[in-house]
Amino acid sequence: MISSIKATVPTATINGSDSIFRKRLLSPTQRSLFLPPLQVDSSSKSEFSLSRPLHISNVSCFEPVRVQKSLIKCKAYEAEQSQPIEREEAKSAAAQKVKIGIYFATWWALNVVFNIYNKKVLNAYPYPWLTSTLSLACGSLMMLISWATRIAEPPNTDLEFWKTLFPVAVAHTIGHVAATVSMSKVAVSFTHIIKSGEPAFSVLVSRFLLGETFPLPVYMSLVPIIGGCALAAVTELNFNMIGFMGAMISNLAFVFRNIFSKKGMKGKSVSGMNYYACLSILSLLILTPFAIAVEGPQLWAAGYKTAMSQIGPQFIWWVAAQSIFYHLYNQVSYMSLDEISPLTFSIGNTMKRISVIVSSIIIFHTPVQPINALGAAIAILGTFLYSQVNYLGTCFAPIDLVINDTKPKTKFRNLGILRVREMNCDLYLELLLF
């Protein structure tokens, strides 16, 4: 593929067949700028293609060599049209926004309800291993029924898929049990404040165990996360070391779950909903024998009698509700990943944690000191900043170009950054010179 900028007649076109970019200049005496050929693997498919010629409708001109920054913005429109391409349908865009809003509202509501009922069950029945097992068992049963009745299309999996999923399920199981143990010992709000420090674990594990490097803004965003979590932990009125360590272990386990999922599940064609269903089934098989060994049926039976005598039949509803809502909120979160960008998802996850913390404090009348609330706010703000800088650093990595002047023996190297962005039907080509 060859990209170039050169003098032409007053009509400018972009043709998808030869992939030549031509820019209209003000006079034929001006110099031309040529972009070098881009090395393209002939075996790989192009990320986008144009079946009809596109015409430049607006070009902001710049002088070839200047100290200050200049910008070319090219807006394109189809050959049959006389105006730049807008969104295909305004109604479709509005419907997509409504759909995303419904996803977020459902996700947050289900998560809040789960945390409330989960805490009620753990207060009356302090057996987190069994509670975690019941949550996975309920979700697995729901999906097996959905597949059997064809409400949901069953996934097409093989033995290799389950082998690849196994380390993901192990990490998921540890993270799920550790979080439940934490909530059985401390307030729901405190558990979620500590769990907001998961990005710090992600960066540290990736840096020291996987050898990955991150830009400086990512490391800087960890300062408020770690500082806020530490401040919240020190000022927590009902601090418990088991609860604190449970939340920390949960963070670490979920980081490894994400790493294993990215490395092993790449290229697997399983939808978000079915992927989480398979993960729940495998996690249930892993967790059940450990739950029996750690707690056992005798403790469960004695605890059940005590809970029924204190709470009554309503306790059964609490157990069923926390199990059902656990699966539903996770299923909706995985489904939403198929509809929204990772940045939007990370922002939604931050807002979800805020809604859980605030609602649990109100419902359970959790005493909170101002300094404790400040620590929570700082940690959550740091999580939000991390999601922003991490996403931007990943998606907008610059590509260095060599820009050649038409004058012989004159070259300007590393002057340009080419970024191509495609959003719906709008295509922008930006050449930044500095």
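On the matter of disulfides, meaning pairs of cysteine sulfur atoms within 2.5 Å, the count for this protein comes to zero. The model before you is predicted, so local features need pLDDT of at least 70 and side-chain atom pairs count only at pLDDT 80 or more, while totals for chains, interfaces and linings use all residues. Residues are numbered from 1 along each chain as its sequence is written, and side-chain values use heavy atoms, leaving out hydrogens and water.

Cys 138 has a relative accessible area of 17% and is buried; the term buried means under 20%, exposed means over 50%, and partly exposed lies in between, with a 1.4 Å probe and protein chains only. Cys 278 is also buried, at 0% relative accessibility.

Cys 138 is one of the residues touched by Ile 324, and Met 142 is another, when residues up to four places away in sequence are not counted. Such a contact means heavy atoms within 4.5 Å. Where does Ile 324 lie? Ile 324 is found in helix H10, residues 314–337; helices are DSSP runs of H or I with at least four residues, strands are runs of E with at least two, and both are numbered from the N terminus. Ile 324 itself is partly exposed, at 32%. From Leu 134 it stands 190 residues apart in sequence and 9.3 Å apart in space, C-alpha to C-alpha.

Helix H4, residues 188–195, is mostly covered, with eight of its eight residues buried; among them are Phe 190 and Lys 195.

Finally, the whole protein has 12 helices and nine strands, and buried residues make up 42% of its 434 residues.
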